[in-house]
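Student: I have a chain open on my screen and would like to go through it with you piece by piece. Could we take it as a chat?

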Amino acid sequence: MHVQHTIGERQYGTDDQYVCLERAVDEALGPLGRVLDVGAGGGDNVYVSDLRERGAELVGVDPDPAIGANPFLDDALVGRIEDHADELAGGFDLVVAVYVLEHVETPIEFFEAVARCLTPTGTFLALTPNLTHYFGLAAMITNRLAVDEVLLRRLRGPVVEEYHFPTRYRANSTRAIVAAADRARFASTDITHLDDEGVFRPYLPGRLARFSELYSRTVHHFELARAMGTLLVSCRR
């Protein structure tokens with residue numbers, strides 16, 4: 001029987017996305033929890049050591065073969081979570097995906113795979129750029145025009161070459177997340193809206209960098225949550 005899907009939206013007192021993520025992990029994970037890190041990469045992300053400390057076991061999955069060098073993982077699987085969901089089914093108290101949703105090609109399939117990997121009381125946490133923020137909208141438009149890769153390389157240079165993967169912008173809006181989570185039979189979805197202008201400033205050249213600060217002040221002053229830059233997603237079975 002499909003449990004009624006409940007939806008909540010809130011804001012944390014701090015805008016630091018990784019502090020908020022750590023808090024959400026603490027709320028979701030018991031002392032002996034097993035954690036699956038989707039998009040774990042080579043282990044150079046700032047959140048991964050925190051997961052290592054909190055989880056009794058940390059498994060990673062990523063299409064990038066560099067995951068094999070991740071020193072924090074107890075086990076590393078190369079590929080998409082959709083490819084490994086059957087072998088990982090029901091094994092994790094927490095699934096985490098940090099800056100992954102914007103790369104997802106088929107949101108429903110992805111959320112269904114995540115749900116399959118969780119225990120009956122498990123939680124899925126994700127950080128992703130908000131599609132209705134100026135950065136998210138600009139990124140989606142340039143992606144549809146097939147000029148996003150060129151622009152990113154001009155703005156971010158070597159960083160893009162080392163870390164960037166193709167983006168789809170199909171699973172990083174409130175509407176898309178709620179719809180996919182509902183189809184995947186999650187019982188509840190909570191979305192926290194965050195806006196730290198420092199996250200987006202490096203993508204704005206020259207004097208435009210000032211815009212990110214002014215924008216952030218404005219959305220906080222008028223409490224325009226839906227226009228904030230980052231979504232912290234929490235889905236519970």
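Student: In which helix do Phe-211 and Tyr-215 both lie, and how many residues apart are they?

Tutor: Both Phe-211 and Tyr-215 belong to helix α10 (residues 209-221), where they are 4 residues apart, about one turn of the helix; helices here are DSSP runs of H or I with at least four residues, strands are runs of E with at least two, and both are numbered from the N terminus. Before going further, note that this is a predicted model, in which local features need pLDDT of at least 70 and side-chain atom pairs count only at pLDDT 80 or more, while totals for chains, interfaces and linings use all residues. Residues are numbered from 1 along each chain as its sequence is written, and side-chain values use heavy atoms, with hydrogens and water left out.

Student: Why does a spacing like that matter in a helix?

Tutor: An α-helix has 3.6 residues a turn, so residues three or four places apart point the same way.

Student: Switching to rings in general, how many aromatic pairs does the count come to?

Tutor: The count comes to 8 aromatic pairs, where rings of Phe, Tyr and Trp (its six-membered ring) pair if their centres lie within 6.5 Å, and planes under 30 degrees apart are called stacked, over 60 edge-to-face and the rest tilted. One of them joins Phe-110 and Phe-111 in an edge-to-face arrangement, with 5.9 Å centre to centre and 75° between the planes. Phe-211 and Tyr-215 form a tilted pair, at 5.8 Å centre to centre and 50° between the planes.

Student: Which residues do ring pairs link into a cluster?

Tutor: The cluster is made of Phe-110, Phe-111, Phe-124 and Phe-186. Of these, Phe-110 is buried with a relative accessible area of 3%, and Phe-111 is buried at 0%.

Student: Which residues of α4 are buried, and what covers them?

Tutor: In helix α4 (residues 107-117) the buried residues are Pro-107, Phe-110, Phe-111, Ala-113, Val-114, Ala-115 and Cys-117. Their cover includes β2 (34-38), α3 (81-88), β5 (92-98), β6 (118-129), α8 (174-183) and β8 (230-236).

Student: Let's follow β2, then. Why is β2 said to be largely enclosed?

Tutor: Because 4 of the 5 residues of β2 are buried, the strand is largely enclosed by the rest of the structure. The chain goes on from β2 through helix α2 (residues 48-54) to β3, in a right-handed β-α-β crossover, meaning that, with the strands pointing away from the viewer, the path from the first strand over the helix to the second runs clockwise.

Student: What are the strand partners of β2, and how many bridges join them?

Tutor: β2 runs parallel to β3 (residues 57-62), to which 5 bridges join it, and parallel to β5, with 4 bridges; strands pair if DSSP finds at least two bridges between them. Val-35 stands opposite Leu-58 in β3 and opposite Leu-94 in β5.

Student: What sits over the ring of Phe-92?

Tutor: The charged end of Arg-34 does, 4.5 Å from the ring centre; the rule asks for NZ of Lys or CZ of Arg within 6 Å of the ring centre and within 35 degrees of the ring normal.

Student: New topic: where is Ser-173, and what is it in contact with?

Tutor: Ser-173 lies in the loop between α7 (158-163) and α8, and is buried at a relative accessible area of 12%. Leaving aside neighbours within four places in sequence, Ser-173 is in contact (heavy atoms within 4.5 Å) with Leu-131 and Leu-231.

Student: Which residues other than glycine have a positive phi there or just after α8?

Tutor: Tyr-169 has a positive phi of about 60° although it is not a glycine, and is placed in that loop between α7 and α8. Just after α8, Arg-185 takes a positive phi of about 65°. Tyr-169 is buried at 11%, whereas Arg-185 is exposed at 52%.

Conventions:
Buried < 20%, exposed > 50% of the residue type's maximum accessible area, 1.4 Å probe, protein only.
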